[in-house]
Amino acid sequence: MRNGAPIRTTYWDTASSEPLHPAARAALLAALDGGFADPRRLHGPARTARLLLDNARAAVAESLGVRPDEVTFTGSGTEAVHRGLLGLLAGRSRVGDTLLASAVEHAAVGHAATWWRGQDVAGRAGRIVGSLPVERTGRVSVAEASGLVASAAARGGVAALAVQAANHEVGTRQPVAELAGLGVPVFMDACAAMGRVDLPEGWAVAAGSAHKWGGPAGVGLLVVRRGVRWRNPFPGDDRADERAAGFENVPGALASAAALQAVVAERDEVGSRQRRLVDRLRAGIAAGVPDVEVVGDPVDRLPHLLTVSFLYVDGEALVTELDRRGFAVASGSACTTSTQTPSHVLAAMGVLTHGNLRISLTREAAEGDVDALLAALPDVVGDLRRQVGM
Amino acid sequence: MAPEPVVELDCRGLRCPQPVIMLARRLPSVAIGSLVAVVSTDAASRVDVPAWCRMRGQEYAGSDLAADGTPRHLVRRVS
(Lines give C-alpha, C1' and ligand atoms only; values in the text may rest on other atoms or scores of the structure.)
Protein backbone atom coordinates (compact mmCIF):
# COMPACT_ATOMS: atom_id res chain seq x y z
CA MET A 1 0.00 0.00 0.00
CA ARG A 2 2.59 2.55 1.13
CA ASN A 3 5.39 2.62 -1.47
CA GLY A 4 2.83 1.10 -3.84
CA ALA A 5 3.36 -2.44 -2.54
CA PRO A 6 0.23 -4.40 -1.60
CA ILE A 7 -0.09 -4.84 2.14
CA ARG A 8 -0.18 -8.41 3.47
CA THR A 9 -3.41 -9.12 5.29
CA THR A 10 -3.22 -10.87 8.63
CA TYR A 11 -6.51 -12.76 8.78
CA TRP A 12 -7.54 -13.07 12.42
CA ASP A 13 -11.26 -13.74 12.21
CA THR A 14 -11.24 -17.53 12.46
CA ALA A 15 -14.08 -17.45 14.99
CA SER A 16 -16.19 -16.33 12.00
CA SER A 17 -14.61 -18.77 9.56
CA GLU A 18 -11.32 -20.71 9.52
CA PRO A 19 -9.43 -20.97 6.20
CA LEU A 20 -9.69 -24.43 4.60
CA HIS A 21 -7.23 -26.84 6.23
CA PRO A 22 -4.78 -28.43 3.74
CA ALA A 23 -6.05 -31.87 4.80
CA ALA A 24 -9.60 -30.79 3.95
CA ARG A 25 -8.57 -29.47 0.56
CA ALA A 26 -6.93 -32.78 -0.42
CA ALA A 27 -9.92 -34.83 0.77
CA LEU A 28 -12.39 -32.49 -0.90
CA LEU A 29 -10.68 -32.64 -4.30
CA ALA A 30 -10.47 -36.45 -4.20
CA ALA A 31 -14.10 -36.86 -3.10
CA LEU A 32 -15.50 -34.37 -5.62
CA ASP A 33 -14.70 -36.90 -8.33
CA GLY A 34 -15.26 -40.11 -6.36
CA GLY A 35 -18.23 -39.18 -4.16
CA PHE A 36 -20.83 -37.77 -6.55
CA ALA A 37 -23.23 -40.74 -6.65
CA ASP A 38 -26.32 -41.35 -4.50
CA PRO A 39 -25.14 -43.34 -1.47
CA ARG A 40 -28.49 -45.18 -1.30
CA ARG A 41 -28.21 -46.87 -4.70
CA LEU A 42 -26.88 -50.36 -5.27
CA HIS A 43 -24.30 -49.84 -8.01
CA GLY A 44 -20.56 -49.44 -7.72
CA PRO A 45 -20.34 -45.60 -7.76
CA ALA A 46 -23.08 -45.48 -5.10
CA ARG A 47 -21.17 -47.96 -2.94
CA THR A 48 -18.12 -45.73 -3.28
CA ALA A 49 -20.10 -42.66 -2.16
CA ARG A 50 -21.59 -44.64 0.72
CA LEU A 51 -18.14 -45.84 1.77
CA LEU A 52 -16.75 -42.28 1.74
CA LEU A 53 -19.70 -41.07 3.81
CA ASP A 54 -19.31 -43.91 6.31
CA ASN A 55 -15.58 -43.18 6.53
CA ALA A 56 -16.31 -39.51 7.20
CA ARG A 57 -18.80 -40.44 9.93
CA ALA A 58 -16.33 -42.86 11.54
CA ALA A 59 -13.50 -40.31 11.47
CA VAL A 60 -15.69 -37.62 13.04
CA ALA A 61 -16.88 -40.03 15.72
CA GLU A 62 -13.33 -41.03 16.59
CA SER A 63 -12.17 -37.39 16.73
CA LEU A 64 -15.01 -36.46 19.09
CA GLY A 65 -14.98 -39.66 21.16
CA VAL A 66 -18.56 -40.60 20.21
CA ARG A 67 -20.15 -43.51 18.29
CA PRO A 68 -20.54 -43.32 14.49
CA ASP A 69 -24.31 -43.87 14.72
CA GLU A 70 -24.54 -40.76 16.92
CA VAL A 71 -23.19 -38.52 14.11
CA THR A 72 -25.33 -36.80 11.45
CA PHE A 73 -24.05 -34.45 8.74
CA THR A 74 -26.25 -31.40 8.16
CA GLY A 75 -26.17 -28.52 5.69
CA SER A 76 -24.72 -26.01 8.17
CA GLY A 77 -23.95 -25.42 11.82
CA THR A 78 -27.18 -23.47 12.10
CA GLU A 79 -29.16 -26.42 10.74
CA ALA A 80 -27.42 -28.71 13.24
CA VAL A 81 -28.37 -26.31 16.06
CA HIS A 82 -31.99 -26.15 14.89
CA ARG A 83 -32.37 -29.91 14.41
CA GLY A 84 -30.48 -30.69 17.59
CA LEU A 85 -32.29 -28.34 19.94
CA LEU A 86 -35.77 -28.65 18.42
CA GLY A 87 -35.47 -32.44 18.12
CA LEU A 88 -34.49 -32.71 21.78
CA LEU A 89 -37.41 -30.48 22.78
CA ALA A 90 -39.77 -32.58 20.62
CA GLY A 91 -38.52 -35.75 22.24
CA ARG A 92 -39.14 -34.22 25.67
CA SER A 93 -42.54 -32.64 24.92
CA ARG A 94 -44.34 -34.87 27.42
CA VAL A 95 -41.86 -33.99 30.13
CA GLY A 96 -41.97 -30.23 30.00
CA ASP A 97 -42.69 -26.95 28.23
CA THR A 98 -39.76 -24.93 29.52
CA LEU A 99 -36.43 -24.37 27.80
CA LEU A 100 -33.68 -22.66 29.77
CA ALA A 101 -30.94 -21.21 27.56
CA SER A 102 -27.83 -19.34 28.64
CA ALA A 103 -27.95 -15.57 28.09
CA VAL A 104 -24.89 -15.76 25.81
CA GLU A 105 -25.99 -18.42 23.31
CA HIS A 106 -25.41 -17.90 19.60
CA ALA A 107 -28.29 -16.30 17.67
CA ALA A 108 -29.01 -19.69 16.04
CA VAL A 109 -30.12 -20.99 19.45
CA GLY A 110 -32.10 -17.82 20.16
CA HIS A 111 -33.95 -18.00 16.85
CA ALA A 112 -34.72 -21.71 17.32
CA ALA A 113 -36.05 -21.02 20.84
CA THR A 114 -38.25 -18.16 19.63
CA TRP A 115 -39.61 -20.31 16.81
CA TRP A 116 -40.30 -23.21 19.20
CA ARG A 117 -42.22 -20.94 21.56
CA GLY A 118 -44.31 -19.66 18.61
CA GLN A 119 -45.16 -23.22 17.50
CA ASP A 120 -47.02 -23.85 20.74
CA VAL A 121 -50.24 -25.83 20.50
CA ALA A 122 -53.28 -23.75 21.46
CA GLY A 123 -54.98 -24.67 24.70
CA ARG A 124 -51.81 -25.61 26.57
CA ALA A 125 -50.29 -23.67 29.41
CA GLY A 126 -47.72 -22.25 27.03
CA ARG A 127 -44.09 -22.81 26.24
CA ILE A 128 -41.57 -20.83 28.24
CA VAL A 129 -38.04 -19.85 27.25
CA GLY A 130 -36.00 -18.75 30.26
CA SER A 131 -32.52 -17.25 30.42
CA LEU A 132 -29.60 -18.56 32.48
CA PRO A 133 -27.56 -15.55 33.63
CA VAL A 134 -23.78 -15.31 33.28
CA GLU A 135 -21.03 -13.85 35.42
CA ARG A 136 -18.83 -10.95 34.27
CA THR A 137 -16.55 -13.49 32.53
CA GLY A 138 -19.45 -14.79 30.44
CA ARG A 139 -19.59 -18.05 32.37
CA VAL A 140 -23.03 -19.41 33.30
CA SER A 141 -23.57 -19.31 37.06
CA VAL A 142 -24.23 -22.92 38.08
CA ALA A 143 -25.74 -21.79 41.39
CA GLU A 144 -28.24 -19.49 39.68
CA ALA A 145 -28.99 -22.10 37.01
CA SER A 146 -29.67 -24.64 39.73
CA GLY A 147 -32.21 -22.32 41.36
CA LEU A 148 -33.90 -21.54 38.03
CA VAL A 149 -34.15 -25.22 37.11
CA ALA A 150 -35.70 -26.00 40.50
CA SER A 151 -38.29 -23.21 40.27
CA ALA A 152 -39.13 -24.05 36.63
CA ALA A 153 -39.48 -27.71 37.57
CA ALA A 154 -41.91 -26.71 40.34
CA ARG A 155 -44.12 -24.91 37.76
CA GLY A 156 -44.03 -27.80 35.29
CA GLY A 157 -41.26 -29.82 33.66
CA VAL A 158 -38.04 -28.49 32.19
CA ALA A 159 -37.60 -29.95 28.70
CA ALA A 160 -33.98 -28.98 28.11
CA LEU A 161 -31.08 -26.67 28.88
CA ALA A 162 -29.22 -24.98 26.03
CA VAL A 163 -25.62 -24.20 26.94
CA GLN A 164 -22.74 -23.73 24.52
CA ALA A 165 -19.39 -25.50 24.97
CA ALA A 166 -17.58 -22.16 24.71
CA ASN A 167 -18.70 -18.68 23.79
CA HIS A 168 -18.25 -17.60 20.18
CA GLU A 169 -17.57 -13.94 21.01
CA VAL A 170 -15.41 -14.00 24.12
CA GLY A 171 -14.11 -17.60 24.24
CA THR A 172 -15.21 -18.41 27.80
CA ARG A 173 -15.88 -22.13 28.31
CA GLN A 174 -19.12 -23.13 29.98
CA PRO A 175 -19.61 -25.53 32.91
CA VAL A 176 -21.57 -28.00 30.75
CA ALA A 177 -20.83 -31.06 32.88
CA GLU A 178 -21.96 -29.33 36.10
CA LEU A 179 -25.13 -28.07 34.40
CA ALA A 180 -25.83 -31.55 33.02
CA GLY A 181 -25.68 -32.69 36.64
CA LEU A 182 -28.86 -30.72 37.33
CA GLY A 183 -30.82 -33.62 35.81
CA VAL A 184 -32.14 -31.97 32.62
CA PRO A 185 -30.76 -32.99 29.18
CA VAL A 186 -28.34 -30.42 27.78
CA PHE A 187 -28.26 -29.25 24.18
CA MET A 188 -24.70 -28.04 23.61
CA ASP A 189 -23.86 -25.69 20.76
CA ALA A 190 -20.22 -26.62 20.19
CA CYS A 191 -19.76 -24.63 16.97
CA ALA A 192 -17.10 -22.34 18.46
CA ALA A 193 -15.27 -25.08 20.36
CA MET A 194 -15.36 -28.26 18.27
CA GLY A 195 -11.89 -29.36 17.22
CA ARG A 196 -10.20 -26.65 19.29
CA VAL A 197 -10.66 -28.08 22.79
CA ASP A 198 -11.81 -31.36 24.32
CA LEU A 199 -15.59 -31.33 24.57
CA PRO A 200 -17.01 -31.48 28.09
CA GLU A 201 -18.89 -34.48 29.46
CA GLY A 202 -22.56 -34.89 30.14
CA TRP A 203 -24.37 -33.32 27.16
CA ALA A 204 -27.22 -35.09 25.35
CA VAL A 205 -27.15 -33.43 21.91
CA ALA A 206 -24.43 -31.27 20.32
CA ALA A 207 -23.97 -29.21 17.17
CA GLY A 208 -20.85 -28.23 15.25
CA SER A 209 -19.92 -26.29 12.12
CA ALA A 210 -17.13 -27.50 9.84
CA HIS A 211 -15.99 -24.13 8.47
CA LYS A 212 -15.15 -23.07 12.04
CA TRP A 213 -12.44 -25.77 12.30
CA GLY A 214 -11.05 -25.66 8.77
CA GLY A 215 -13.57 -27.77 6.86
CA PRO A 216 -15.61 -26.35 3.99
CA ALA A 217 -18.74 -24.22 4.46
CA GLY A 218 -22.05 -26.02 4.04
CA VAL A 219 -21.35 -28.84 6.50
CA GLY A 220 -22.70 -29.02 10.04
CA LEU A 221 -22.55 -31.79 12.60
CA LEU A 222 -25.40 -33.03 14.74
CA VAL A 223 -24.48 -35.48 17.49
CA VAL A 224 -27.25 -37.21 19.43
CA ARG A 225 -25.98 -39.43 22.24
CA ARG A 226 -27.30 -42.97 22.41
CA GLY A 227 -30.32 -43.27 24.68
CA VAL A 228 -31.38 -39.66 24.18
CA ARG A 229 -34.97 -39.23 22.99
CA TRP A 230 -34.77 -37.11 19.83
CA ARG A 231 -37.73 -36.63 17.47
CA ASN A 232 -37.47 -35.05 14.04
CA PRO A 233 -38.97 -31.54 14.41
CA PHE A 234 -39.16 -31.07 10.63
CA PRO A 235 -40.52 -33.08 7.67
CA GLY A 236 -38.73 -36.41 7.35
CA ASP A 237 -36.73 -37.66 4.40
CA ASP A 238 -35.80 -41.09 3.12
CA ARG A 239 -32.05 -40.89 3.47
CA ALA A 240 -29.94 -43.56 5.13
CA ASP A 241 -29.58 -41.33 8.22
CA GLU A 242 -33.07 -40.65 9.62
CA ARG A 243 -31.90 -37.44 11.34
CA ALA A 244 -30.74 -35.91 8.05
CA ALA A 245 -32.67 -34.37 5.18
CA GLY A 246 -31.56 -33.81 1.62
CA PHE A 247 -28.97 -35.35 -0.66
CA GLU A 248 -25.76 -36.01 1.22
CA ASN A 249 -22.81 -33.67 0.63
CA VAL A 250 -20.31 -36.54 0.54
CA PRO A 251 -17.23 -34.51 -0.50
CA GLY A 252 -18.03 -31.87 2.12
CA ALA A 253 -18.50 -34.46 4.85
CA LEU A 254 -15.24 -36.20 3.99
CA ALA A 255 -13.29 -32.94 3.84
CA SER A 256 -14.79 -31.84 7.17
CA ALA A 257 -13.83 -35.13 8.77
CA ALA A 258 -10.29 -34.89 7.41
CA ALA A 259 -9.94 -31.35 8.77
CA LEU A 260 -11.33 -32.37 12.16
CA GLN A 261 -8.90 -35.29 12.43
CA ALA A 262 -6.02 -33.00 11.51
CA VAL A 263 -6.89 -30.20 13.95
CA VAL A 264 -7.43 -32.67 16.78
CA ALA A 265 -4.02 -34.24 16.02
CA GLU A 266 -2.36 -30.78 15.98
CA ARG A 267 -4.36 -29.41 18.86
CA ASP A 268 -1.82 -29.64 21.68
CA GLU A 269 0.88 -27.91 19.66
CA VAL A 270 -1.31 -25.31 17.89
CA GLY A 271 -3.49 -24.61 20.92
CA SER A 272 -0.61 -24.01 23.30
CA ARG A 273 1.08 -21.69 20.79
CA GLN A 274 -2.16 -19.77 20.27
CA ARG A 275 -2.63 -19.56 24.02
CA ARG A 276 0.83 -18.02 24.45
CA LEU A 277 0.15 -15.53 21.67
CA VAL A 278 -3.22 -14.55 23.13
CA ASP A 279 -1.59 -14.07 26.55
CA ARG A 280 1.01 -11.85 24.88
CA LEU A 281 -1.72 -9.84 23.14
CA ARG A 282 -3.73 -9.57 26.36
CA ALA A 283 -0.79 -8.24 28.36
CA GLY A 284 0.47 -6.02 25.54
CA ILE A 285 -2.88 -4.34 24.91
CA ALA A 286 -3.49 -3.74 28.61
CA ALA A 287 0.00 -2.21 28.96
CA GLY A 288 -0.02 -0.20 25.71
CA VAL A 289 -3.51 1.31 25.56
CA PRO A 290 -5.29 3.11 28.43
CA ASP A 291 -9.01 2.70 29.18
CA VAL A 292 -9.37 -0.79 27.76
CA GLU A 293 -11.41 -3.69 29.03
CA VAL A 294 -10.21 -7.21 28.18
CA VAL A 295 -13.26 -9.44 28.41
CA GLY A 296 -13.87 -13.15 28.90
CA ASP A 297 -12.28 -15.67 31.23
CA PRO A 298 -8.48 -15.25 31.14
CA VAL A 299 -7.78 -18.97 31.66
CA ASP A 300 -10.80 -21.22 31.08
CA ARG A 301 -11.33 -20.23 27.46
CA LEU A 302 -10.76 -21.14 23.82
CA PRO A 303 -7.06 -20.93 22.99
CA HIS A 304 -7.23 -18.79 19.85
CA LEU A 305 -9.58 -15.94 20.77
CA LEU A 306 -9.24 -12.58 22.53
CA THR A 307 -11.90 -9.90 22.93
CA VAL A 308 -11.25 -6.33 24.10
CA SER A 309 -13.24 -3.10 24.25
CA PHE A 310 -11.70 0.39 23.98
CA LEU A 311 -13.50 3.27 25.68
CA TYR A 312 -14.72 6.15 23.45
CA VAL A 313 -13.92 4.26 20.22
CA ASP A 314 -16.38 3.49 17.45
CA GLY A 315 -16.17 -0.25 16.66
CA GLU A 316 -16.78 0.18 12.94
CA ALA A 317 -14.07 2.83 12.61
CA LEU A 318 -11.67 0.61 14.57
CA VAL A 319 -12.25 -2.46 12.37
CA THR A 320 -12.04 -0.35 9.20
CA GLU A 321 -8.76 1.29 10.22
CA LEU A 322 -7.21 -2.04 11.23
CA ASP A 323 -8.31 -3.52 7.90
CA ARG A 324 -6.57 -0.63 6.14
CA ARG A 325 -3.41 -1.52 8.05
CA GLY A 326 -3.68 -5.19 7.09
CA PHE A 327 -5.48 -6.79 10.06
CA ALA A 328 -8.79 -8.56 9.39
CA VAL A 329 -10.61 -8.73 12.73
CA ALA A 330 -14.24 -8.69 13.94
CA SER A 331 -16.28 -6.57 16.35
CA GLY A 332 -19.43 -7.07 18.42
CA SER A 333 -20.20 -3.36 18.70
CA ALA A 334 -23.67 -2.22 17.62
CA CYS A 335 -22.41 -0.13 14.72
CA THR A 336 -20.84 -3.24 13.16
CA THR A 337 -24.00 -5.37 13.22
CA SER A 338 -26.86 -5.55 10.76
CA THR A 339 -29.38 -4.86 13.53
CA GLN A 340 -27.53 -1.84 15.02
CA THR A 341 -27.97 -3.38 18.47
CA PRO A 342 -25.01 -4.15 20.73
CA SER A 343 -23.86 -7.73 21.16
CA HIS A 344 -26.27 -9.54 23.50
CA VAL A 345 -23.27 -11.49 24.77
CA LEU A 346 -21.35 -8.40 25.92
CA ALA A 347 -24.57 -6.90 27.33
CA ALA A 348 -25.36 -10.06 29.34
CA MET A 349 -21.81 -9.96 30.76
CA GLY A 350 -22.21 -6.28 31.67
CA VAL A 351 -19.03 -5.26 29.85
CA LEU A 352 -18.40 -2.34 27.54
CA THR A 353 -20.06 -2.95 24.15
CA HIS A 354 -18.60 -0.11 22.11
CA GLY A 355 -15.07 -0.06 20.69
CA ASN A 356 -15.14 -3.83 20.68
CA LEU A 357 -12.60 -6.02 18.91
CA ARG A 358 -12.60 -9.81 18.56
CA ILE A 359 -9.26 -11.23 17.51
CA SER A 360 -9.23 -14.95 16.60
CA LEU A 361 -5.92 -16.44 15.47
CA THR A 362 -5.22 -18.85 12.63
CA ARG A 363 -3.14 -21.98 13.16
CA GLU A 364 -0.18 -20.21 11.51
CA ALA A 365 -0.34 -17.08 13.69
CA ALA A 366 3.17 -16.04 14.75
CA GLU A 367 4.76 -13.79 17.35
CA GLY A 368 5.79 -11.27 14.69
CA ASP A 369 2.16 -10.73 13.68
CA VAL A 370 1.14 -10.27 17.31
CA ASP A 371 3.88 -7.71 17.82
CA ALA A 372 2.83 -5.88 14.64
CA LEU A 373 -0.71 -5.57 15.95
CA LEU A 374 0.56 -4.49 19.37
CA ALA A 375 2.66 -1.81 17.65
CA ALA A 376 -0.31 -0.55 15.59
CA LEU A 377 -3.06 -0.52 18.22
CA PRO A 378 -1.90 2.42 20.41
CA ASP A 379 -1.72 4.63 17.27
CA VAL A 380 -5.03 3.47 15.85
CA VAL A 381 -6.94 3.81 19.12
CA GLY A 382 -5.20 7.08 19.98
CA ASP A 383 -6.09 8.61 16.58
CA LEU A 384 -9.73 7.54 16.83
CA ARG A 385 -9.97 8.99 20.33
CA ARG A 386 -8.39 12.27 19.25
CA GLN A 387 -10.93 12.54 16.42
CA VAL A 388 -13.74 12.60 19.00
CA GLY A 389 -11.85 14.91 21.34
CA MET A 390 -10.92 12.28 23.93
CA MET B 1 -36.47 9.43 46.49
CA ALA B 2 -33.10 9.99 44.84
CA PRO B 3 -31.78 13.54 44.56
CA GLU B 4 -32.24 15.20 41.17
CA PRO B 5 -29.29 15.35 38.76
CA VAL B 6 -27.58 18.71 38.42
CA VAL B 7 -26.96 18.11 34.72
CA GLU B 8 -29.08 16.27 32.19
CA LEU B 9 -27.27 15.30 28.98
CA ASP B 10 -29.62 15.05 26.01
CA CYS B 11 -28.17 12.17 23.97
CA ARG B 12 -31.38 11.35 22.12
CA GLY B 13 -30.62 10.13 18.61
CA LEU B 14 -26.88 9.75 19.29
CA ARG B 15 -25.23 6.38 18.73
CA CYS B 16 -22.55 4.70 20.81
CA PRO B 17 -19.97 5.76 21.87
CA GLN B 18 -21.27 9.37 21.75
CA PRO B 19 -23.39 9.27 24.96
CA VAL B 20 -20.44 7.90 26.98
CA ILE B 21 -18.11 10.51 25.47
CA MET B 22 -20.53 13.30 26.50
CA LEU B 23 -20.70 11.83 30.01
CA ALA B 24 -16.91 11.61 30.29
CA ARG B 25 -16.51 15.24 29.17
CA ARG B 26 -19.18 16.64 31.46
CA LEU B 27 -18.81 14.72 34.72
CA PRO B 28 -15.56 16.47 35.85
CA SER B 29 -17.41 19.82 35.77
CA VAL B 30 -19.91 18.92 38.50
CA ALA B 31 -19.18 18.82 42.24
CA ILE B 32 -18.16 15.52 43.80
CA GLY B 33 -21.30 13.82 45.07
CA SER B 34 -23.53 15.34 42.36
CA LEU B 35 -25.55 13.35 39.84
CA VAL B 36 -25.38 13.59 36.04
CA ALA B 37 -28.16 12.08 33.93
CA VAL B 38 -27.58 10.58 30.49
CA VAL B 39 -30.82 10.58 28.50
CA SER B 40 -30.20 8.16 25.66
CA THR B 41 -32.21 6.37 22.99
CA ASP B 42 -29.19 4.18 22.15
CA ALA B 43 -29.64 0.60 23.40
CA ALA B 44 -25.92 0.32 24.15
CA SER B 45 -26.08 3.03 26.85
CA ARG B 46 -27.87 0.67 29.24
CA VAL B 47 -24.70 -1.43 29.33
CA ASP B 48 -22.02 1.10 28.47
CA VAL B 49 -22.84 3.78 31.07
CA PRO B 50 -22.52 1.31 34.02
CA ALA B 51 -19.40 -0.20 32.38
CA TRP B 52 -17.86 3.26 32.02
CA CYS B 53 -18.55 3.95 35.71
CA ARG B 54 -16.85 0.68 36.70
CA MET B 55 -13.81 1.38 34.48
CA ARG B 56 -13.46 5.03 35.56
CA GLY B 57 -14.20 4.56 39.26
CA GLN B 58 -17.48 6.51 39.27
CA GLU B 59 -20.81 5.39 40.74
CA TYR B 60 -23.69 4.16 38.61
CA ALA B 61 -26.82 5.28 40.43
CA GLY B 62 -29.41 3.37 38.39
CA SER B 63 -31.84 4.39 35.69
CA ASP B 64 -35.32 5.79 35.29
CA LEU B 65 -37.30 7.39 32.47
CA ALA B 66 -37.28 10.97 31.26
CA ALA B 67 -40.64 12.75 30.88
CA ASP B 68 -40.95 11.51 27.28
CA GLY B 69 -40.20 7.92 28.32
CA THR B 70 -36.59 7.88 27.10
CA PRO B 71 -34.26 5.87 29.38
CA ARG B 72 -32.23 8.06 31.71
CA HIS B 73 -29.01 6.73 33.28
CA LEU B 74 -27.78 8.36 36.49
CA VAL B 75 -24.11 8.71 37.40
CA ARG B 76 -22.70 10.10 40.64
CA ARG B 77 -19.28 11.73 40.58
CA VAL B 78 -17.25 10.19 43.40
CA SER B 79 -13.72 11.26 42.41
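How far is the sulfur of Cys11(B) from the closest cysteine sulfur? That distance is 12 Å, the partner sits in Cys16(B), and the gap is too far for a bond. Keep in mind that you're looking at a predicted model, where local features need pLDDT of at least 70, side-chain atom pairs count only at pLDDT 80 or more, and totals for chains, interfaces and linings use all residues. Residues are numbered from 1 along each chain as its sequence is written, chains are lettered from A and ligands numbered from 1 in the order in which they are written, and side-chain values use heavy atoms, with hydrogens and water left out.

**Cysteines**
- A disulfide is a covalent bond between the sulfur atoms of two cysteines.
- Cys11(B) is buried at 0% relative accessibility, where buried means under 20% relative accessible area, exposed over 50% and partly exposed in between (1.4 Å probe, protein chains only).
- Cys191(A) is buried too, with a relative accessible area of 10%.

**Strand S6 of chain A**
- Helices (H or I, at least four residues) and strands (E, at least two) are DSSP runs, numbered from the N terminus.
- S6 covers residues 186–189 of chain A, with Val186(A) and Met188(A) buried on one side and Phe187(A) and Asp189(A) buried on the other.
- S6(A) pairs with S5(A) in the parallel sense over two bridges; for strands to pair, DSSP must find at least two bridges between them.
- In that region, Ala162(A) stands opposite Phe187(A).
- S6(A) also pairs in the parallel sense with S7 (residues 205–209) of chain A, over three bridges, and here Met188(A) stands opposite Ala206(A).

**Glu169(A)**
- You'll find Glu169(A) in the loop between strand S5 (158–162) and helix H6 (176–180) of chain A.
- Its side chain makes a polar contact of 2.6 Å with that of Ser343(A).
- Contact means heavy atoms within 4.5 Å, and not counting residues up to four places away in sequence, Glu169(A) touches several residues, including Leu305(A), Thr307(A) and Val345(A).

**Thr14(A)**
- Thr14(A) belongs to the loop between strand S1 (10–11) and helix H1 (22–34) of chain A, and is buried at 0% relative accessible area.
- A polar atom of the Thr14(A) side chain lies 2.9 Å from the backbone oxygen of Leu361(A). A polar contact is a pair of N or O atoms within 3.5 Å; within protein, one must be able to donate a hydrogen and the other to accept it, and residues adjacent in sequence count only if both atoms are side-chain atoms.

Definitions and conventions:
Disulfide = S-S within 2.5 Å.
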